[in-house]
Structures are given as structure tokens and as C-alpha cells.
Amino acid sequence: MIFMNRLRAGFYLFLICFTASCSGSLVSGTESGEPVNPLAGFTDFPDSLFEGLYLGQPLADARNNLLQNGFEAVDSSGSFNYWRQGDSIEVIVPDAAKIRTLKIMLHSTACLAAKQRLLNGFSASAERARQSAQFSVFDYQCNDLDFKLTVFSQKDFIRLNFEQQISK
């Protein structure tokens, strides 16, 4: 009887440890147990549009930045398309000397669930914001340039389009 109780207790202990170790890597996505912030790439916005990309940046610098941040080039016919598998983010950079427009497609369920937080962040630093359920427009006036951000929301993606308006 004592043997069976110890065996059962050992089994439950094993099951708890196994479940905890699995949930730490699958649910949170980090070893520390902290939840992954699906909007981490926008922490320096509007100084940096996304993960160190900015308007007026030389194309070669932008492409190197994307590769260093885990994106892989998937197409370069007319523009440069990059995809990052881990969070299902697509970045489209036009084939031009410097970035004047930038498109970002957010496909992950985590990003889609954080849509309102994303819009609130964009609105907080905007000079002017016009929002609706599917299409929002934000205008920004920065020291070096002015730009417009349009956000198109659908059930399975959010498209962000950054467009330089005036260079000062």
C-alpha cells in the first residue's frame, strides 16, 4: 500500500513537472516564463516604424536589419518581401534607394488579439487619428519628416502601410 501511494505521488509529481516545462515553452514562448509581447517590434514607434526600420533609411540597411531580426527573403521581384515564421509577420520594402513606404502584414493570432492595443499605441503619438473597425488612418509630424499610417484590419490579418508625406 505504501509502495502504491509513493508510486502514485511520484507519477503525479512527474506529470506536474512535465506539464509545467511544456507550458513554459509552448504558451509563453520564452524560457523565463514571461509572455511574448506580439507588439514588441513597435516599442520605439514613431522613431522606428518597426524593429529598427525607419522612413528615409537606405534600402541596404533595411534589408540587413530584417535579416538580423530573423526575417528571410521570400521574393525580390519589384519589391523585397520578407517573412518571419516565428510570429507570422511579413514586411514588404519597395526596391528604391531609400524607404519612402513600408508595408507590414501581421498574421499571428497574438497580433490579431492585440489589435486594439496596437491602435491605441498608434493613436497616442499621432497628430491626427481617424479610426474605424476595418480601416484607420494616423498622421504623424516628426522632426525630420511627416508620414501617414493606414491600418487595414481583416479577420486573419492586419496590414500596416507607412507612407512618407513630407521630408523636412
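This is a guided tour of one predicted model, stop by stop.

**Before you start**

Residue numbers run from 1 along each chain as its sequence is written. Because the model is predicted, local features need pLDDT of at least 70 and side-chain atom pairs count only at pLDDT 80 or more, while totals for chains, interfaces and linings use all residues; side-chain values use heavy atoms, with hydrogens and water left out.

**Stop 1: the loop between α1 and α2**

Select F45 and P46. A cis peptide bond joins them, with omega about 5°. P46 sits in the loop between α1 (2–26) and α2 (59–68). Helices (H or I, at least four residues) and strands (E, at least two) are DSSP runs, numbered from the N terminus.

Move on to E51. This residue also lies in the loop between α1 and α2. Its phi is positive, about 45°, although E51 is not a glycine. Most residues other than glycine have a negative phi, and most peptide bonds are trans. Is E51 buried, exposed or partly exposed? With a relative accessible area of 21%, E51 is partly exposed. The classes are buried under 20% relative accessible area, exposed over 50%, and partly exposed in between (1.4 Å probe, protein chains only).

For another positive phi, select S88. Phi of this non-glycine residue is near 55°. S88 lies in the loop between β2 (79–84) and β3 (89–94).

**Stop 2: the aromatic rings**

Show the side chains of F42, F45, F50, F71, F122, F138, Y140, F147 and F162. These residues form one aromatic cluster. The structure holds eleven aromatic pairs. Rings of Phe, Tyr and Trp (its six-membered ring) pair if their centres lie within 6.5 Å; planes under 30 degrees apart count as stacked, over 60 as edge-to-face and the rest as tilted.

Zoom in on F42 and F50. Their ring centres are 5.0 Å apart and their planes stand at 50°, so the pair is tilted. Both F42 and F50 are buried.

F50 belongs to the loop between α1 and α2, and F71 to the loop between α2 and β1 (72–75), so the pair ties together parts that are 21 residues apart in sequence. The relative accessible area is 1% for F50 and 4% for F71.

**Stop 3: E72 in strand β1**

Select E72, which is found in strand β1. At 51% relative accessibility, E72 counts as exposed. Neighbours within four places in sequence aside, E72 is in contact with L67, N81, Y82 and W83. Contact means heavy atoms within 4.5 Å. E72 and E90 are 18 residues apart in sequence and 9.6 Å apart in space, C-alpha to C-alpha.

**Stop 4: two helices, end on**

Turn to α2 and look down its axis. The arc is that of the directions from the helix axis to the C-beta atoms.

Next, colour α4 (residues 115–124). L118, L119 and F122 are buried there. Seen down the axis, the buried residues of α4 fall within an arc of 95°, so they line one face of the helix. The face turned away from that buried side carries the exposed residues R117 and A124.

**Stop 5: S153 in strand β7**

Select S153, in strand β7 (residues 145–153). S153 is buried, with a relative accessible area of 6%. Beyond its neighbours within four places in sequence, S153 is in contact with K115, A133, Q134 and I158.

**Stop 6: the second largest pocket**

Finish with a surface view. Select P46, D47, L49, Y54, L55, C142, N143, D144, L145 and F147, which line the second largest pocket. Its volume is about 200 Å³. On a 1 Å grid over the protein atoms alone, a pocket is an open set of points where a 1.4 Å probe fits, with protein on both sides within 12 Å along at least five of seven lines; lining residues have an atom within 4 Å of a point. Grid points are joined across faces, edges and corners, and the volume is the space filled by probe spheres set on the points.

By class, the lining has seven nonpolar, one polar and two charged residues. Ala, Val, Leu, Ile, Met, Phe, Trp, Tyr, Cys and Pro count as nonpolar, Asp, Glu, Lys and Arg as charged, and the others, Gly among them, as polar.
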